[in-house]
Amino acid sequence: MKKQQIKEEILRKEHFNSAHKLYNSNFSLEKNIELYGICSNENWHGHNYDLIVTVKGNINSETGMFINLKTLSDIIKSEILEKVDHKNLNLDVPFLEGKVTTTENVVIEFWKILDEKLRSLNDVDCQLHCVKLYETPRNFVEYYGEK
């Protein structure tokens with residue numbers, strides 16, 4: 001009789017601080033101000049972001065886990081946090097170059113990076129399920145990848 005595998009999910013929460021401004025270079029200054037308001041301030045503004053990464057997988061009966069949380073933490077730190085923490089998202093982050101740094105666009109880019117990295121791991125049976133990014137305690141985006 002084949003053992004039933006249990007699909008579980010784990011979440012890892014991280015924190016970082018970044019500056020940015022919402023600005024589309026295809027729009028006039030007036031249109032940017034009309035669309036983004038004070039968030040298009042030429043002198044930038046900052047956020048204390050919270051990032052929550054959810055991974056789903058099948059528990060390995062020998063190890064009792066589908067991914068080591070230390071491994072997940074290391075991936076988030078090296079692939080995301082070291083590149084965005086205490087940085088200007090518009091100027092200092094190559095994977096956001098040319099993008100309007102809305103929370104929506106930022107979380108999609110985080111997904112792309114984390115999904116590729118998790119898929120490249122050979123010794124785990126898991127997949128990225130959700131990336132949630134809090135810009136403020138009341139404003140956040142959840143992204144589940146392209147369906």
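# Reading a predicted model by its cut-offs

User: Why does K112 count as partly exposed?

Analyst: K112 has 47% relative accessibility. Buried means under 20% relative accessible area, exposed means over 50%, and partly exposed is in between (1.4 Å probe, protein chains only). K112 falls in the middle class, so it counts as partly exposed.

User: What kind of model is this, and how are residues numbered?

Analyst: This is a predicted model, in which local features need pLDDT of at least 70 and side-chain atom pairs count only at pLDDT 80 or more, while totals for chains, interfaces and linings use all residues. Residues are numbered from 1 along each chain as its sequence is written, and side-chain values use heavy atoms, with hydrogens and water left out.

User: What makes K112 and E109 a salt bridge?

Analyst: Their side chains meet at 3.1 Å, N to O. A salt bridge is a side-chain nitrogen of Lys or Arg within 4 Å of a carboxyl oxygen of Asp or Glu. The pair meets that cut-off, so it is a salt bridge. Both residues lie in helix α3, 3 residues apart, about one turn of the helix.

User: Why is E109 called buried?

Analyst: E109 has a relative accessible area of 9%. That is under the limit for buried, so the label applies.

User: Which other salt bridges are there?

Analyst: The whole structure holds 6. One of them links R12 to E14, with the closest N and O atoms 2.8 Å apart. R12 is partly exposed at 25%, and E14 is buried at 10%. Another links K83 to E79, at 3.9 Å between the closest N and O atoms. That value is still within the cut-off, so the pair counts. K83 and E79 are 4 residues apart in helix α2, so they are separated by about one helical turn. Side chains of opposite charge can pair when their charged atoms come close.

User: How do you know that the span of helix α3 agrees with its residues?

Analyst: The helix covers residues 103-119, which is 17 residues. The expected span is 1.5 Å times one less than the number of residues. That gives 24 Å, and the end C-alpha atoms are 24 Å apart, so the two agree.

User: What do the buried residues of α3 pack against?

Analyst: They pack against β1 (7-20), β2 (45-58), α2 (69-84), β4 (126-134) and β5 (140-143). The buried residues of α3 include V106, F110, W111 and L114.

User: What makes a set of residues the largest nonpolar core here?

Analyst: A nonpolar core is a set of buried Ala, Val, Leu, Ile, Met, Phe, Trp, Tyr and Cys residues joined through side-chain atoms within 4.5 Å. The largest such set has 30 residues, and L51, V55 and F110 have the most contacts inside it. β2, α2, α3, β4 and β5 each give two or more residues to this core. α3 gives the most, with 7 residues. In soluble globular proteins, nonpolar side chains tend to be buried together.

User: Which residues does F110 touch?

Analyst: Contact means heavy atoms within 4.5 Å. Not counting residues up to four places away in sequence, F110 touches F16, L51, I80, V84, F95, V131 and L133.

User: How many helices and strands are in the chain?

Analyst: There are 3 helices and 5 strands. Helices (H or I, at least four residues) and strands (E, at least two) are DSSP runs, numbered from the N terminus. The order is β-α-β-α-β-α-β-β.

User: How do you know that β4 and β5 pair?

Analyst: Two strands pair if DSSP finds at least two bridges between them. β4 and β5 have 4, in the antiparallel sense, so they pair. A hairpin of 5 residues joins them, and K132 stands opposite E142 in β5.

User: Which strands run antiparallel to β2?

Analyst: β1 does, through 14 bridges, and L11 has T54 as its partner in β2. β4 does too, through 8 bridges. There, I52 stands opposite K132 in β4.
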